[in-house]
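Thank you for making the time this morning. I would like to walk you through a structure that may be new to you, and I will go slowly.

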Amino acid sequence: MQSVGGGTTTAPAISITFKEYGIRLSFTPILMADGTIHLKVKPEVSTLDYSNAITLSGFVLPALSTRRVESDMSLADGQTFAIAGLVDNRVTELMQKVPGIGDIPILGKLFQSKSLNKSKNELLVIVTPHIVRPLTPDQIPHGPTFPQPFLDQSKPVPPSAPAAK
């Protein structure tokens with residue numbers, strides 16, 4: 001914003017929010033009265049998306065591409081289930097050229113290079129829930145036995161009084 005008559009110029013404020021990306025797996029197990037496990041599973045995959053990036057003051061700020069799914073199921077102790085299908089198909093084309101010479105209509109093709117990168121990723125989640133029951137006192141495993149004491153078991157020496165000068 002500029003004011004007329006030599007006033008001040010105010011630049012628009014820009015704020016950037018940093019977001020987590022990668023793979024996230026959220027699940028909520030609920031133990032039912034009949035001994036089954038009701039499980040809510042929410043896998044999520046997010047990646048940096050440079051095709052929808054913006055450039056501010058020479059900095060490239062990529063967008064996030066997020067895919068998620070949510071599923072509920074009831075399983076018995078030890079049963080296994082799998083969720084698949086969060087697929088990421090990407091084709092990236094990168095073109096490089098020698099400045100000036102690469103812009104010449106026919107001859108410029110000799111000074112250009114084009115690379116094509118294809119990637120295909122899929123997330124597969126396999127879950128086997130188990131019910132953990134507490135141990136009875138006779139089932140508690142014994143700790144390790146050391147051939148020698150791990151630390152010196154003698155009593156600590158009390159600090160001596162400072163010497164008088």
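This is a predicted model: local features need pLDDT of at least 70, side-chain atom pairs count only at pLDDT 80 or more; totals for chains, interfaces and linings use all residues.

Residues are numbered from 1 along each chain as its sequence is written, and side-chain values use heavy atoms, with hydrogens and water left out.

Let me begin with the fold. The chain has six strands and zero helices, where strands (E, at least two residues) and helices (H or I, at least four) are DSSP runs numbered from the N terminus. Of its 165 residues, 13% count as buried; buried means under 20% relative accessible area, exposed means over 50%, and partly exposed is in between, with a 1.4 Å probe and protein chains only. Within strand 2 we find His38, which counts as partly exposed because its relative accessibility is 21%. His38 and Met73 are 35 residues apart in sequence, and their C-alpha atoms are 5.7 Å apart in space.

Now to the salt bridges, of which the structure holds three; the term asks for a side-chain nitrogen of Lys or Arg within 4 Å of a carboxyl oxygen of Asp or Glu. In one of them, Arg24 meets Glu20 at 2.2 Å, N to O, and here Arg24 is partly exposed at 38%, whereas Glu20 is exposed at 63%. Another joins Arg68 and Glu44 at 3.2 Å, N to O, and this pair links distant parts of the chain, with Arg68 in strand 3 and Glu44 in strand 2, 24 residues apart.

Next, the pockets. A pocket is an open set of points on a 1 Å grid over the protein atoms alone, where a 1.4 Å probe fits, with protein on both sides within 12 Å along at least five of seven lines, and lining residues have an atom within 4 Å of a point. The largest pocket holds about 330 Å³ of space, and of its 14 lining residues, Ile16, Thr17, Phe18, Lys19 and Pro62 lie nearest its centre. Strand 3 gives the largest share of that lining, four residues. The second largest pocket has a volume of about 180 Å³, and the residues lining it are Leu48, Asp49, Tyr50, Ser51, Arg90, Val91 and Thr92. There, strand 2 supplies the largest share, again four residues.

Finally, the surface. Val98, Ile101, Ile104, Leu107, Leu110 and Phe111 make a nonpolar patch of about 520 Å²; patches take residues with over 30% relative accessible area and no salt bridge, joining nonpolar side chains (Val, Leu, Ile, Met, Phe, Trp, Tyr) within 5 Å and like charges within 9 Å. Ile101 sits in the loop between strand 5 (81-97) and strand 6 (112-127), and Ile101 is partly exposed at 36% relative accessibility. Pro99 lies in the loop between strand 5 and strand 6 as well, and counts as exposed at 72%.

Note on methods:
Accessible areas come from the Shrake-Rupley method with a 1.4 Å probe; for residues, only the protein chains shown count as cover. Grid points are joined across faces, edges and corners, and a volume is the space filled by probe spheres set on the points.
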